[in-house]
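Welcome! Please have a look at the sequence and the model before reading on.

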Amino acid sequence: MDPLPNTTVRSLEAKDVDAVVALDARIVGRRRDGYLRPKLAEALKDVGIRASLVVEHDGRPAGFLLAKVWYGEFGELDPVAVLDTIGVDPLLRAHGLATEMLDQLRMNLAALGIRTLRTEVSWRNPELLTFFHREGFVPAQRLCLEADPAAPEVRARREARLERQGGEAAAR
Ligand SMILES: CC(C)(COP(=O)(O)OP(=O)(O)OC[C@H]1O[C@@H](n2cnc3c(N)ncnc32)[C@H](O)[C@@H]1OP(=O)(O)O)[C@@H](O)C(=O)NCCC(=O)NCCS
């Protein structure tokens with residue numbers, strides 16, 4: 001992997017929004033203005049800790065990452081940084097740009113005394129899983145749980161409970 005010349009990692013700035021939205025469209029294959037613009041606006045509002053970064057190549061954004069620091073949420077005692085999104089221009093991959101951004105993020109977090117950087121990856125995305133593995137990520141000591149709020153078994157449980165409650169009320 002040859003490092004690219006003329007690359008710089010810096011904080012995400014308001015002037016990057018259009019370029020990042022366009023970059024994301026090239027990465028995922030469709031524009032996601034509605035999803036990404038509010039996320040970028042939120043990242044830019046975080047005046048305390050500007051965790052989100054851009055990597056420039058020849059003066060233009062070539063990759064970005066969006067990250068946030070959480071204090072005491074989800075039962076955590078210590079602050080945790082969460083890496084939400086990372087993407088590098090498809091034409092500029094395998095030159096270490098993602099590593100450069102992560103290195104900067106890791107340095108920034110270490111300077112703030114933040115010892116946990118967390119992310120979520122789809123089990124069905126082996127490329128991204130391999131990338132994070134190469135970057136030293138391991139499965140967290142937490143379980144990510146999900147449920148279908150309209151699952152028939154959940155409705156059946158609720159109906160059974162209501163029926164029991166109704167029976168008890170009638171017996172009183
Ligand atoms: C994953 C991604 C960020 C990697 O960017 P990159 O700049 O090419 O990565 P780097 O060159 O810094 O590589 C870092 C390490 O990960 C490994 N790696 C990177 N991409 C990999 C892949 N697709 N498969 C396996 N390993 C990979 C590299 O070999 C390197 O490891 P090494 O240093 O031990 O050799 C980039 O491929 C990408 O943007 N993918 C799409 C991500 C996405 O869908 N994001 C959501 C929307 S933005």
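Predicted model: local features only at pLDDT ≥ 70, side-chain atom pairs only at ≥ 80, totals over all residues.

Residues are numbered from 1 along each chain as its sequence is written. Helices (H or I, at least four residues) and strands (E, at least two) are DSSP runs, numbered from the N terminus.

**Helix 1**

- Helix 1 covers residues 17-28, and its 12 residues reach 16 Å from the first C-alpha to the last, close to the 16 Å expected at 1.5 Å a residue. The expected span of a helix is 1.5 Å times one less than its number of residues.
- V20, L23 and D24 are the buried residues of helix 1. They lie on the same side of helix 1, because they cover an arc of only 100° around the axis; the arc is that of the directions from the helix axis to the C-beta atoms.
- A residue is buried if 20 or more other C-beta atoms lie within 10 Å of its own, exposed if 12 or fewer, and partly exposed in between, with C-beta atoms placed from the backbone.
- On the face of helix 1 turned away from its buried side you will find the exposed residues D18 and A22.
- Helix 2 (33-45), strand 3 and strand 4 are what the buried residues of helix 1 pack against. Two residues are in contact if their C-beta atoms, placed from the backbone, lie within 7 Å.
- After helix 1 comes G29, with a positive phi near 90°.

**Helix 3**

- Helix 3 runs over residues 97-111; its 15 residues should span 21 Å at 1.5 Å a residue, and its end C-alpha atoms are 21 Å apart, which agrees.
- The buried residues of helix 3 are L97, A98, E100, M101, L102, L105 and L109.
- These buried residues of helix 3 pack against several elements, including strand 1 (7-11), strand 2 (53-57), strand 5 (117-119) and helix 4 (126-134).
- L102 belongs to helix 3 and counts as buried because it has 23 C-beta neighbours inside 10 Å.
- From L102 to L53 there are 49 residues in sequence, while their C-alpha atoms are 8.9 Å apart in space.

**The nonpolar core**

- A nonpolar core is a set of buried Ala, Val, Leu, Ile, Met, Phe, Trp, Tyr and Cys residues joined through C-beta atoms within 7 Å.
- The largest such core has 26 residues, and those with the most contacts inside it are L53, F64, L65, A67, A81, M101 and L105.
- Helix 1, helix 2, strand 2, strand 3, strand 4 and helix 3 each give two or more residues to this core. Its largest share, six residues, comes from helix 3.
- Neighbours within four places in sequence aside, M101 is in contact with V9, L53, V55, G63 and L65.

**Around the ligand**

- Which residues are closest to the ligand? They are G87, R93, A98, T99 and E127, out of 20 residues that surround the ligand. Being near a molecule or strand requires a C-beta atom, placed from the backbone, within 6 Å of it.
- At least two residues of the shell come from each of helix 1, strand 4, helix 3 and helix 4, and helix 4 gives the most, with five residues.
- The shell residues divide into 10 nonpolar, six polar and four charged. Here Ala, Val, Leu, Ile, Met, Phe, Trp, Tyr, Cys and Pro count as nonpolar, Asp, Glu, Lys and Arg as charged, and the others, Gly among them, as polar.

- D58 sits in the loop between strand 2 and strand 3. D58 is not a glycine, yet has a positive phi of about 50°; D58 is exposed, with 11 other C-beta atoms within 10 Å.
- A94, in the loop between strand 4 and helix 3, is not a glycine either and has a positive phi of about 60°. A94 counts as exposed, with 9 C-beta neighbours inside 10 Å.
- E120 is in the loop between strand 5 and helix 4, and the C-alpha atoms of E120 and F132, 12 residues apart along the chain, are separated by 10.0 Å.
- T130 lies in helix 4 and counts as exposed, with 11 C-beta neighbours inside 10 Å.
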